[in-house]
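Dear colleague,

Please find below the structure I am handing over to you. My notes on it follow directly after.

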Amino acid sequence: MLELIMDQKDLLSIPLYTYSLSRSFLYSFEFKLLQKIFGEAPAGEQPTQEDFEKLQGQVIELFKQDSRNIVDGIYPMQVLLPESPFNHIMRLPTLITDALRSQKQKKRRESKKFEKDNKYLEDKLPEYFKRNFHFQNQGYLSEESAVLYDHQVEMLFSGTANAMRRLLIQSLKKNGGYTSSSRIRILELACGTGSSSRFLRMAFPNAHITMTDLSRPYLKTARERLKQDDNLDFLQADAAELPFKDESFDIVCSVFLFHEIPQDIRDKVIQESKRVLKIGGSMGHLDSIQLHDRPEFAVFLNNFPIEYHEPFFKNYIQHPLEEHITKAGLQNIKTELALLSKCVFSTK
Ligand SMILES: C[S@@+](CC[C@H](N)C(=O)[O-])C[C@H]1O[C@@H](n2cnc3c(N)ncnc32)[C@H](O)[C@@H]1O
């Protein structure tokens with residue numbers, strides 16, 4: 001009987017898995033097309049056929065687990081709802097012109113190019129943040145880059161970025177014991193344009209969620225993307241100096257933040273996360289895997305900061321996130337991996 005139930009679940013997850021795989025083909029096709037148009041040869045050491053096969057194996061594992069999580073009710077099927085095909089297609093010409101701009105900028109190694117009258121380039125922002133991360137137009141400080149960001153990330157990761165982001169929810173629910181009906185307060189650090197925030201909202205419909213980021217244009221896009229309700233707040237805040245009282249939240253989490261910040265700031269962010277966390281609360285930080293997690297993917301990890309402007313990535317992959325978290329005195333540390341991402345769960 002148990003075997004029958006398991007088979008039914010596997011059967012249910014097949015269409016979800018197939019959908020994710022087709023979506024992945026679309027984004028990889030677009031990415032390869034851009035590379036062809038601009039004739040860009042990849043920099044750094046070249047991965048072997050065997051490296052790519054290992055990576056593909058992990059893509060399949062990621063989509064299998066993601067579909068299984070939907071069938072198991074960890075998050076609803078709506079997480080897979082595609083954006084309007086019209087919006088997707090209409091963005092393509094801008095993506096092409098932006099790729100041309102970014103290629104020129106990359107050739108000139110310009111990583112701190114801001115327009116003089118950029119209203120988002122505020123004095124209060126930390127110096128390490130005033131860069132054109134990934135050679136994005138005006139870094140995280142322009143509305144144009146906020147509009148293109150999610151599509152660019154999905155192209156770069158062949159349509160796997162959202163599934164990797166959802167590892168955070170799997171980790172919080174499995175390790176923290178939270179459910180869809182939990183009436184909790186969640187703080188999301190560095191929410192960007194709200195991609196992971198959407199999934200948090202769907203997985204925790206009764207939670208009060210506060211979304212924070214340093215970038216005002218990215219927060220603006222997040223606000224526009226999420227259906228407004230009384231249980232959502234958006235606030236510009238530095239994750240290293242949070243404007244909240246001690247012990248205010250049940251969960252403090254982030255997605256793809258730690259590789260973007262210097263090593264000492266990583267410590268500060270974890271200390272601040274701990275300070276605003278209630279006793280017994282949970283921390284979940286999701287980011288790229290590090291060298292010790294999957295040494296077999298070292299070639300991909302080492303190439304990433306060479307290809308894209310990622311000033312803190314090389315240092316990030318060498319210093320286990322778990323060590324920062326242990327140093328801050330958190331407990332029950334559990335790490336889970338999915339493709340090129342890891343989620344480190346811990347409690348206060
Ligand atoms: C790679 S993006 C990830 C955004 C989003 N979480 C996602 O999954 O797409 C990194 C984000 O970190 C934000 N950020 C960087 N340093 C920050 C800091 N010290 N405090 C708050 N946000 C920060 C950036 O503005 C950007 O939105």
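Strands β1 (residues 185–189) and β2 run parallel and are joined by four bridges; strands here are DSSP runs of E of at least two residues, helices are runs of H or I of at least four, and both are numbered from the N terminus. Two strands count as paired if DSSP finds at least two bridges between them. I186 has I209 of β2 as its bridge partner. Because five of its six residues are buried, β2 is largely enclosed by the rest of the structure; buried means that 20 or more other C-beta atoms, placed from the backbone, lie within 10 Å of the residue's own.

This is a predicted model, in which local features need pLDDT of at least 70 and side-chain atom pairs count only at pLDDT 80 or more, while totals for chains, interfaces and linings use all residues. Residues are numbered from 1 along each chain as its sequence is written.

Helix α8 (residues 216–225) has P217, Y218, L219, T221 and A222 as its buried residues. Their cover includes α4, α7 (195–203), β2 (208–213) and β3 (232–236), contact being C-beta atoms, placed from the backbone, within 7 Å.

Helix α4 itself spans residues 143–156. A kink of about 45° is centred on Y149, the bend being the angle between axes fitted to the seven residues ending there and the seven starting there. Y149 is also among the buried residues of α4, which include L148 and Q152. After α4 comes S158, with a positive phi near 50°.

Kind regards

Technical notes. Expected span 1.5 Å × (residues − 1). Buried ≥ 20, exposed ≤ 12 C-beta atoms within 10 Å, placed from the backbone. Contact = placed C-beta atoms within 7 Å.
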